[in-house]
Structure formats: structure tokens, C-alpha cells
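I want to go through the salt bridges, then a pocket, then a single side chain.

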Amino acid sequence: MKKSILLLAGVMMLAGSASAQMNVVKEAMKAISPSATVEQMTSVLQQLQPTLTNAETMNTADAWFAAGKASFQLYDAYSVAQIKGQTANPGEMAQALLNGYNYFKKALPLDTVIQTDKNGNPKIDKKTGQAKFKVKYSNEILSTLKGHASDFGNVANTCLAEQKWAEAQSAFNLYADMLQAQNPDIHDSIMSEIRFFQGYSAYNNKDYNAAFTYMTDAKLKGYTQNQVAEFQYSALGNIAQSYIDANKAADALSIIDNAIAKEPNNGNFYNLKGILVERSSNLEAALPYFQQAAQIDPTSSQAQFNIGRYYYNQAFEFEKNNPNLLGKELNDKVNPLYKNSLPYLEKAYQLDNTNTDAKNALRNIYYRLGDTAKYEELSK
């Protein structure tokens with residue numbers, strides 16, 4: 001008998017704890033109002049945190065909705081403070097908005113309640129043939145998100161300026177999704193810029209897969225600013241490098257081939273494939289890809305340099321393998337090879353005068369060919 005009484009007491013204690021947590025949610029909901037201050041909403045959110053992990057409330061839409069609503073109200077309170085000329089921490093504002101979204105994201109699926117008949121079976125809607133359901137908070141959640149769509153753009157820019165890359169990436173992603181949901185026919189000129197900044201945030205967050213995806217989409221939508229092609233190329237290079245580091249060279253080449261299939265006129269991709277082929281095989285095997293890159297984009301300094309490097313290495317290897325050849329006999333054999341590399345290396349250096357490898361190779365060629373004027377010009 002005593003044991004049964006103790007068990008009953010334990011059950012009552014648990015019920016009381018669950019009831020207490022639900023009361024916290026109810027009290028928090030009462031405290032959320034358009035006139036609430038930053039301090040008040042911060043306090044409410046602190047009180048709500050246990051309800052998000054408590055076994056009895058963590059699976060209810062009520063707790064997550066309350067936390068989401070309080071977070072959005074905290075953001076709004078910050079905005080009011082800014083209008084009044086008071087100091088508002090941009091990072092805290094951004095976090096409030098992002099937290100609000102994440103809380104609402106948890107609340108939405110929990111808010112859908114299937115209606116049942118007296119036997120517990122789902123009621124079926126005769127028009128749709130689907131189970132009937134009711135919602136308590138979903139309409140307000142969607143309305144709140146819609147009303148704050150532009151705020152996600154503002155927060156994204158704030159995080160970008162503060163170099164909070166993960167937060168910026170998240171905010172830009174949400175901003176893009178909301179804009180497209182509200183206006184499916186939004187002009188490419190607008191979306192391309194947003195895609196770039198999604199990619200830029202992801203790149204700096206070292207999420208190179210996302211960076212490559214967004215930079216590619218930005219380009220395809222017509223975006224040409226802020227070195228978008230270079231970021232796209234670098235992101236793809238980092239993706240390939242991650243496979244190489246994992247001893248998956250074949251997978252790295254497959255990634256490049258997929259990129260080429262989608263953008264066959266992208267010289268950067270061919271140049272990158274040449275680099276990978278050279279690593280796995282040799283420079284001669286890579287040459288056709290460097291040549292293809294230069295054919296597609298004659299202004300590619302890297303492609304020009306890599307072709308020039310091929311002919312320069314031919315000359316260098318010939319000298320190394322024929323130590324007994326000297327004077328005119330050597331020059332007759334090796335100088336034509338150096339001359340083959342000259343136009344490519346000159347163009348590479350013209351396109352990018354920070355390429356010290358191209359500069360040093362040119363100095364050596366000018367010296368070998370007796371072009372004193374050009375040699376001295378590069379030696380300054």
C-alpha cells in the first residue's frame with residue numbers, strides 16, 4: 001500500500017511539473033505585446049527556454065510558437081529603440097530574427113492537428129479527399145514571416161558588414177526564399193544579386209558547395225560584378241581539393257566534368273580540369289584542357305600561363321637531359337622551345353603582372369635569347 005502511495009505521489013509531481021511548464025508558456029504569451037521593451041522580451045525568452053527542452057512541452061506548438069513570437073517581438077522592440085535613437089546591438093537583432101524563424105519552423109508541423117471522429121478515425125474532406133485538420137498558430141506564423149521579409153534582407157546585410165558569415169548566409173537564404181514565395185516572377189536582375197551575396201556569405205563561411213551553387217545561379221541570371229566568376233572558380237577548386245585530400249581524385253574529376261557539362265563555355269572549368277589531370281598524370285596530358293580554356297577565354301591569365309609553362313618545361317627538361325650539349329648546338333635545339341612558350345607567358349604576365357612565376361620565366365627566356373632590353377626591363 002505504501003509503495004502505491006509513493007508511486008501516485010511521483011505521478012502527481014510529474015503532472016505538476018508539466019502543468020508548471022505549460023503555465024510558463026501561457027504567461028509568456030500574455031507578456032508579448034507590441035509595446036514590450038527589449039528587456040521585457042529578453043526576460044520572456046529566458047523564461048521560455050526550459051519549455052523547449054521539457055519532455056511535456058517540447059513537442060507542442062504552443063512552446064515553439066511562444067518562443068518564435070517573443071523573438072520577433074524582441075526584434076521589433078530593437079527596431080523601435082533604434083527609431084528612438086537608442087543603441088541597438090545589430091548582432092543581437094539579427095540573432096533575434098533568425099531565432100524567431102527557427103522557432104516558428106519547429107512550431108508549424110506541430111500546429112497541424114488531424115480532426116478525428118468519435119472512433120478516432122481521421123475525418124475526410126469530401127472536396128479534397130484528404131484528412132481534415134485544424135491549425136491554431138499557422139496563419140499568424142505565416143503572416144509574421146511575410147511582414148518581416150524585408151527585415152531578413154536588412155539583417156543579412158548587417159551580418160555581412162560584421163563578417164558574421166554563418167548568420168549572413170542563413171539570413172540571405174531565408175530572404176531569397178521569402179522573396180520568391182511572395183513573387184515567383186521576380187526579375188533575374190534582383191535575384192542574381194541576392195544569389196551572389198548568398199554565395200559570397202557561404203564562401204566566407206567555407207560552405208563551398210553552397211557557394212558554388214549560388215555563384216553559378218547568379219552568373220546564369222546575368223550577374224557579372226564583384227568577381228563572381230573568380231569566386232565560382234575558387235569554390236569549385238576547393239570542392240575538388242576536398243576530394244583530393246580524401247584520396248578521391250576520380251570524384252574530383254567527376255565534379256569538374258559535371259560543372260563543364262552545365263557550362264561548356266566556362267574556360268575556368270577547363271583550366272581547373274587541366275590542373276587536376278596534371279596532378280594525376282602529367283603536364284602533357286593536361287595541355288589540351290589548358291588550350292581549350294584559352295580558346296574559350298583568351299583573357300584567362302592562368303590558361304595562358306599553363307600553356308606557356310608546358311613549352312618552357314619542355315626546354316628546361318631538354319637542357320637537363322642533355323648536359324653535354326653546349327653553345328650553338330644546344331641553342332639550336334632548345335631556343336625554339338623557349339620561343340614557343342614566349343607569347344603565352346608574355347600574355348599571361350600582361351594580363352596579371354603579379355604572376356612572379358611568369359615574370360621569372362620571361363626573364364630567363366629573354367636572357368637565353370639575348371633580348372637585353374626586355375631582360376633589363378623585367379629586372380627593374
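Before anything else I wrote down the terms for accessibility: a residue is buried when its relative accessible area is under 20%, exposed when it is over 50%, and partly exposed in between. I also noted that I am reading a predicted model.

I looked up the salt bridges and found that the structure holds eleven. In one of them the side chains of Lys69 and Glu140 come together, with N and O 3.0 Å apart. Lys69 belongs to helix α3 (residues 61-83) and Glu140 to helix α5 (residues 138-147), so this pair ties together parts that are 71 residues apart in sequence. Glu140 has a relative accessible area of 35% and therefore counts as partly exposed, and Lys69, at 26%, is partly exposed as well.

I then turned to Asp188 and Lys221, whose side chains meet in a salt bridge at 3.8 Å, N to O. Because Asp188 lies in helix α8 (residues 188-204) and Lys221 in the loop between α9 (208-220) and α10, the pair ties together parts that are 33 residues apart in sequence. Asp188 is partly exposed at 37% relative accessibility, and Lys221 is partly exposed at 24%. Lys221 also forms a salt bridge with Asp217, where the closest N and O atoms are 3.9 Å apart. Which residues do the salt bridges that share partners join into one network? I found Asp188, Arg195, Asp217 and Lys221.

Entry on the largest pocket. I read off a volume of about 420 Å³ for the largest pocket. Its lining is made up of 19 residues, and those that lie nearest its centre are Glu230, Asn268, Asp297, Thr299 and Ser300. By class I noted four nonpolar, ten polar and five charged residues in this lining. When I asked where the lining comes from, I found that α10 (228-245), α12 (267-280) and α14 (301-321) each supply at least two of its residues.

Entry on Ile260. For Ile260 and Lys273, which are 13 residues apart in sequence, I recorded a C-alpha to C-alpha distance of 9.2 Å.

How values were computed
Residues are numbered from 1 along each chain as its sequence is written. This is a predicted model: local features need pLDDT of at least 70, side-chain atom pairs count only at pLDDT 80 or more; totals for chains, interfaces and linings use all residues. Side-chain values use heavy atoms; hydrogens and water are left out. On a 1 Å grid over the protein atoms alone, a cavity is a set of points where a 1.4 Å probe fits but cannot get out, and a pocket is an open set with protein on both sides within 12 Å along at least five of seven lines; lining residues have an atom within 4 Å of a point. Grid points are joined across faces, edges and corners, and a volume is the space filled by probe spheres set on the points. Helices (H or I, at least four residues) and strands (E, at least two) are DSSP runs, numbered from the N terminus. Ala, Val, Leu, Ile, Met, Phe, Trp, Tyr, Cys and Pro count as nonpolar, Asp, Glu, Lys and Arg as charged, and the others, Gly among them, as polar. A salt bridge is a side-chain nitrogen of Lys or Arg within 4 Å of a carboxyl oxygen of Asp or Glu. Buried means under 20% relative accessible area, exposed over 50%, partly exposed in between (1.4 Å probe, protein chains only).
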